[in-house]
Amino acid sequence: MIRSRKAGVEDIPLIRDLAEKTFLPTYRDILSTDQLYWMFDWMYSENSLRQQMSEGHVFFIAYDDDTPCGYVSVERQGEALFHLQKIYVLPDCQGKHVGQYLVHLVFDYVKTLCAGECTVELNVNRDNKAKFFYERMGFSVARSGDFPIGNGYYMNDYIMAIKLA
């Protein structure tokens, strides 16, 4: 049975562990090794995660029975605009509908904060097969771009969006 809970700063070591087991395998065939490890440190250092949480990124951890199996984070970026920042599921738990569960968790969370219609956006690397998962969840490509992230690296992403009522 899949369940979840909101994460706090005390969960940073767990989020980092899950990220190491999910983020690295997800991008090892898409990004150079140097960029992969630079981005991991940029997004998942303890200081970075603390800063993200202090700036309003809300993290949830998913569990398959009592075993942590994935995480998601969402950030409010406007009155009716939210950004699904991160969603990763352990390779062994993929195919168990954990990703669907996490996306619906974000939708439900956003609806508690947004009185009317609102938009949820996310970035997905243009070479990441997860794009098809997001399309099945109702997202569509709104735009694309090459976004500088530092150290001479770019995120070559689609920005996908869905409107929630």
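This is a predicted model: local features need pLDDT of at least 70, side-chain atom pairs count only at pLDDT 80 or more; totals for chains, interfaces and linings use all residues.
Residues are numbered from 1 along each chain as its sequence is written, and side-chain values use heavy atoms, with hydrogens and water left out.

In soluble globular proteins, nonpolar side chains tend to be buried together. A nonpolar core is defined here as a set of buried Ala, Val, Leu, Ile, Met, Phe, Trp, Tyr and Cys residues joined through side-chain atoms within 4.5 Å. A residue is called buried under 20% relative accessible area, exposed over 50%, and partly exposed in between, with a 1.4 Å probe and protein chains only. The largest nonpolar core contains 55 residues. Ile15, Phe23, Tyr44 and Phe139 have the most contacts inside this core.

A pair of aromatic rings is described by the distance of the centres and the angle of the planes. Rings of Phe, Tyr and Trp (its six-membered ring) were paired if their centres lie within 6.5 Å; planes under 30 degrees apart count as stacked, over 60 as edge-to-face and the rest as tilted. The count by this rule is 14 aromatic pairs. In one of them, the ring centres of Phe23 and Tyr88 are 5.9 Å apart and the planes stand at 70°, so this pair is edge-to-face. Helices (H or I, at least four residues) and strands (E, at least two) are DSSP runs, numbered from the N terminus. Because Phe23 belongs to helix 1 (residues 12–27) and Tyr88 to strand 4 (residues 81–89), the pair ties together parts that are 65 residues apart in sequence. Phe23 is buried at a relative accessible area of 1%, and Tyr88 is buried at 11%.

The rings of Trp38 and Trp42 are arranged as a stacked pair, because their centres are 5.5 Å apart and their planes lie at 20°. Both residues are in helix 2 (residues 33–44), where they are 4 residues apart, about one turn of the helix. Trp38 is partly exposed, with a relative accessible area of 24%, and Trp42 is partly exposed at 37%. Phe23 and Tyr88 also belong to one aromatic cluster, together with Tyr27, Phe40, Tyr44 and Tyr71.

Charged side chains were also compared with ring positions. A charge is said to sit over a ring if NZ of Lys or CZ of Arg is within 6 Å of the ring centre and within 35 degrees of the ring normal. The charged end of Arg3 sits over the ring of Tyr63, 4.6 Å from its centre. For Lys131, the charged end sits over the ring of Tyr158, 5.5 Å from its centre.

A disulfide was taken as a pair of cysteine sulfur atoms within 2.5 Å, and the count by this rule is 0. Cys69 is in no disulfide, and the nearest cysteine sulfur, in Cys93, lies 4.4 Å away. Cys69 is buried, at 0% relative accessibility. The sulfur of Cys114 has its closest cysteine sulfur in Cys118, at 3.3 Å, which is too far for a bond. Cys114 is buried as well, at 9% relative accessibility.

A salt bridge was defined as a side-chain nitrogen of Lys or Arg within 4 Å of a carboxyl oxygen of Asp or Glu. The whole structure contains 9 salt bridges. One of them joins the side chains of Arg3 and Asp66 (3.4 Å, N to O). Arg3 lies in strand 1 (residues 2–6) and Asp66 in the loop between strand 2 (58–64) and strand 3 (67–78), so the pair ties together parts that are 63 residues apart in sequence. Arg3 is partly exposed at 33% relative accessibility, whereas Asp66 is exposed at 63%.

Arg50 and Glu46 also meet in a salt bridge (3.3 Å, N to O). These residues are 4 residues apart in helix 3 (residues 46–54), about one helical turn.
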